[in-house]
Amino acid sequence: MALTAKSIRKDFYRAGKNSNIFTAVQMLDLELEQGKMIEITGRSGSGKSTLLNMLAGILNPTSGRILLDEVDLYALDDEKRSRLRNEKIGLIPQGHTALLGLTVLENVLLPAVLYSNGSAPEQRAADLLRQVGLIEMDNEKPNALSGGELRRMAVARALLMQPKIILADEPTAGLDEENIISVMGLLRNAADDGAAVLLVTHENEAAQFADEILHMDGGHFI
Ligand SMILES: Nc1ncnc2c1ncn2[C@@H]1O[C@H](COP(=O)(O)OP(=O)(O)O)[C@@H](O)[C@H]1O
Ligand SMILES: [Mg+2]
């Protein structure tokens, strides 16, 4: 399974005195292949999250296409795209996405519950929580977790369905060195097991885990 971006662009309208159209991502091509981990770096505002969100099926490109194998993601209706996304794409969005009313374990199980077709994979969820060092907190509510712990919970959630595509937007922000290495290791293992992994990060430690490093500036790869 591959995820391919063909000439994608994203414009945002900026309101205000000098209202104008701002192009956050410019005519960009990218292919994510199985078994390969690509790292994208670049300063804040260079368009990394915009690119990742388009690839994830949650932000419509202004032009261009995103293909998941042969399927044009944005040609699908919302319901079909959401299902496909949930099944095939493990997304670690930037920032916090915990559901505060659920426990840590339930948060990790969420992708299996959303479009349920069978019993929740509790064993796998527990294994993942163990790997990210949170198994002892499985019954806590997210408010009891630190920022770094919430990031690790998001990583476990993204890996639950054994997705073929993994998109991680600064998954190690706020983590200490030991946890950075362990999260990078999890993503690397997923790639070695056949996933296509895209990692957006500022961490120096990441370079040793990636197969290819791309730099972004002003919405371009440079
Ligand atoms: N919803 C939006 N509306 C307007 N501008 C946006 C929106 N999202 C992002 N931008 C702008 O697009 C540029 C790229 O943002 P982003 O992709 O988040 O960058 P990065 O992840 O590299 O920090 C920034 O200048 C940002 O302000
Ligand atoms: Mg970002």
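Two strands are taken to pair if DSSP finds at least two bridges between them. Strands are DSSP runs of E of at least two residues and helices are runs of H or I of at least four, both numbered from the N terminus. The model shown in these views is predicted: local features need pLDDT of at least 70, side-chain atom pairs count only at pLDDT 80 or more, and totals for chains, interfaces and linings use all residues. Residues are numbered from 1 along each chain as its sequence is written, and chains are lettered from A and ligands numbered from 1 in the order in which they are written.

View 1. Strand β3 (residues 37–41) runs parallel to β8 and is joined to it by four bridges. M37 stands opposite V197 in β8. β8 also pairs with β7 in the parallel sense, over five bridges, and here V197 is the bridge partner of I166. Strand β7 (residues 165–169) is in turn joined to β6 by four bridges, again in parallel, with I166 as the partner of G90.

View 2. A residue counts as buried if 20 or more other C-beta atoms lie within 10 Å of its own, exposed if 12 or fewer, and partly exposed in between, with C-beta atoms placed from the backbone. In strand β8 (residues 196–200), five of five residues are buried. A196, L198 and V200 lie on one side and V197 and L199 on the other. Strand β6 (residues 89–92) is likewise covered on both faces, by the burial of I89 and L91 on one side and G90 and I92 on the other.

**View 3. The shell around ligand 1.** The shell consists of F12, F22, A24, G42, S44, G45, S46, G47, K48, S49 and T50; a residue is near the ligand if its C-beta atom, placed from the backbone, lies within 6 Å of it. By class the shell has three nonpolar, seven polar and one charged residues. Ala, Val, Leu, Ile, Met, Phe, Trp, Tyr, Cys and Pro count as nonpolar, Asp, Glu, Lys and Arg as charged, and the others, Gly among them, as polar.

View 4. Four strands form an open sheet in the order β2-β1-β4-β5, with antiparallel pairing. β2 and β5 (71–72) are at the edges with a single partner strand each, so one side of each has no neighbour in the sheet. Strand β1 (residues 3–14) pairs with strand β4 (residues 63–68) over five bridges, and L3 has L68 as its bridge partner in β4. Helix α1 packs on this sheet, touching β1, β2 and β4, and its direction makes about 125° with that of β1. Contact requires C-beta atoms, placed from the backbone, within 7 Å; axes are lines fitted to C-alpha atoms, for helices over the stretch in contact, and angles run from 0 to 180 degrees between N-to-C directions.

**View 5. Helices α3 and α5.** The axes of α3 (residues 104–114) and α5 (residues 147–159) come within 7 Å and cross at roughly 35°. V104, N107, V108, L110 and P111 of α3 meet M153, A156 and R157 of α5. Six nonpolar, one polar and one charged residues make up this contact.

**View 6. H215 in β9.** H215 lies in strand β9 (residues 212–217). H215 is partly exposed because it has 13 C-beta neighbours inside 10 Å. Leaving aside residues up to four places away in sequence, H215 touches T41, G42, F221 and I222.

Definitions and conventions
Two residues are in contact if their C-beta atoms, placed from the backbone, lie within 7 Å.
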